[in-house]
Amino acid sequence: MPSTVLHVAFALLLAAGLLGSAFDRRSAVVVATATAFPDLDVFVALVVESAHRAAFHTLLLPGGVALAVWLDARREGSWLRDSYGEKGVRLAWVALVCYVVAGIGLDTFTALGANPLYPFYDQFVEIDGTVGYAAGDGLYQTFVNVTTEAAADGAGTGGTGGGNGSGGASTVDVGQQGSTEEVHVASGVDPQPGPEQPGVERAFPVVYRGWHVTLILAGALATWWRLRESDGAGGRSDDR
Amino acid sequence: MPPTLVAAGLAALLAAALLDERQFTGRALAVVVAAGVAPDLDALLDVAVEGLHNAALHNVWVPLLLGGAVWLDSRRGDSWLRGRYGADGVHLAWVALAAYCVAGIALDFFHIESAAVLWPVHDRFLGVTGRLVYNTADGVVFTLVEPSLAGGELLPKAGSGTVAGGEHVPTFLNPDEPGRDLVFVGRGWQLLVVLSGAVLAGWRLREDGARTDDFAGDG
């Protein structure tokens, strides 16, 4: 389970690449806030059962904001451009990309997944698999598994019939985990579905895997490097 | 080890993040990605001398030596690197070194399959994995680095075998078991890193190219 720290680190790495020399302290704060925001749905989960990784991890939310930014930016008297200039419009797009890729994406591509079309289509999706080449077998991939058998009993993801697109004869498994009725992603705020026992263990992760360290390192390096250049604008890049 | 393609993706992300618009060219991107995947070339040496994979080029000495050389050279008045490639060339060298360390070495070091990062001075494969969690039952749990100060191995949990002791990280070219398997992407998160690296680098090449065309006058 990627922690919020990891989400933000990955977002800062992306933002440094997207903004280039326009990356400064203010954009770092905006991007970090936008990326940390989806994880606030842990609090929604206190009210709406199992809403973590669903309520704010839906693509509809950044999709709606993107539509608003787009409509505003093409107007003559754009509020965003009038208030923050062309830089502000660009930063809004970058923050949205980081929301989707680092905020929602990182959860979708790791264990338990996220619920990208909630609440219209309530289904957690975990995209995981391997692509490789095995001597003898040739190329193989396990990200999308198509079963051309009517027997849906082996799927083990009851009630996910919406996942198949072609005539009901074949099932397509891209990592459907089930709806919010079946899947509860635990968090420190809401560790169990339903009311918690007193003294229940609440875990707040920072790093859970070795690769989390690598990504956090990369994000920290990119942020430090970019801020050093933007703070000392005009300074030589090779002075150390 | 995480597949080489993932190191390439992470190197591309780092290139985009650390290079300015003016510096981010196809050639610079190629240099940084090459530096990011360069450590995995010890898989070739491993065919000749078994055990060198994740050891011969996955150690801190290679980037330290190269970094020292770049630093010494860039301090000189008639720096070879600056004379030949300009100040951007020096900057590019540092970015390539960062990609070598983070995408090339750290990705394998912070992974169960481990890298012999101090080889040959200290011969031990180290794979740092673990957790940093706060939970209400145990407080702060930190299991990434658990040094043993009582003597013996410093990092008993992270350490596995030694190069001399016959420890070998299998590769496609030199598998431990029959049946060669070349993995391009091993997990979901690796696919995300590869995709974001490719898309971001491609987008930057296009954007920066367009921007350069606008100022084509100043060459």
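In the predicted model described here, B:Val183 of strand 3 of chain B is the bridge partner of A:Gly132.

The contact between the two chains draws on 43 residues from chain A and 46 residues from chain B. On the side of chain B that touches chain A, at least two residues are supplied by each of helix 1 (4-18), helix 5, strand 1 (132-135), strand 3 and helix 6 (188-214) of chain B. By residue class, this side of chain B comprises 29 nonpolar, 10 polar and seven charged residues. For the complex as a whole, the predictor gives an ipTM of 0.92 and a pTM of 0.90.

A helix pair also spans the two chains. Helix 1 of chain A (residues 4-19) packs against helix 1 of chain B at an angle of about 55 degrees, and the axes of the two helices are 6 Å apart. The two helices are therefore oblique to each other, and the crossing in which helix 1 of chain A passes helix 1 of chain B is left-handed. The residues that meet are A:Leu13, A:Ala16 and A:Gly17 in helix 1 of chain A and B:Leu13, B:Ala16 and B:Ala17 in helix 1 of chain B; five residues of this contact are nonpolar and one is polar, while no charged residue takes part.

Chain B contains six helices and three strands, which follow the pattern α-α-α-α-α-β-β-β-α when read along the sequence. The C-alpha trace of chain B spans about 65 × 45 × 40 Å along its principal axes. Chain B averages a pLDDT of 89, and 96% of the residues score at least 70. Where pLDDT is low, the predicted coordinates should not be read in detail.

Within chain B, helix 4 (residues 61-75) and helix 5 (residues 80-109) pack at an angle of about 155 degrees, with their axes 10 Å apart. Because this angle is over 145 degrees, helix 4 of chain B is roughly antiparallel to helix 5 of chain B, and the crossing of the two helices is left-handed. Helix 4 of chain B contributes B:Pro63, B:Leu66, B:Gly67, B:Val70, B:Asp73 and B:Ser74 to the contact, whereas helix 5 of chain B contributes B:Trp80, B:Leu81, B:Arg82, B:Val90, B:Ala93, B:Trp94, B:Leu97, B:Tyr100 and B:Cys101. The residues of this contact divide into 11 nonpolar, two polar and two charged. Helix 5 of chain B is also among the elements that supply at least two residues of the side of chain B touching chain A.

Several backbone features lie in loops. In chain A, the peptide bond from A:Tyr118 to A:Pro119 is cis, with omega near 0 degrees, and A:Pro119 lies in the loop between helix 5 (79-108) and strand 1 (124-125) of chain A. In chain B, the peptide bond from B:Trp119 to B:Pro120 is cis, with omega near 5 degrees, and B:Pro120 is found in the loop between helix 5 and strand 1 of chain B. A positive phi, near 65 degrees, is found at A:Arg53, a residue other than glycine; A:Arg53 is located in the loop between helix 3 (41-47) and helix 4 (60-73) of chain A.

Definitions and conventions: Residues numbered from 1 in each chain as written. Chains lettered and ligands numbered in written order. Predicted model: local features only at pLDDT ≥ 70, side-chain atom pairs only at ≥ 80, totals over all residues. pLDDT = per-residue confidence, 0-100. Axes fitted to C-alpha atoms, helices over the stretch in contact; angles between N-to-C directions. Helix = DSSP H or I, 4+ residues; strand = E, 2+ residues; numbered from the N terminus. Parallel < 35°, antiparallel > 145°, perpendicular 65-115°, else oblique. Left-handed = near helix turned anticlockwise from the far one by under 90°. Contact = placed C-beta atoms within 7 Å. Nonpolar A, V, L, I, M, F, W, Y, C, P; charged D, E, K, R; others polar. Pairing = 2+ DSSP bridges.
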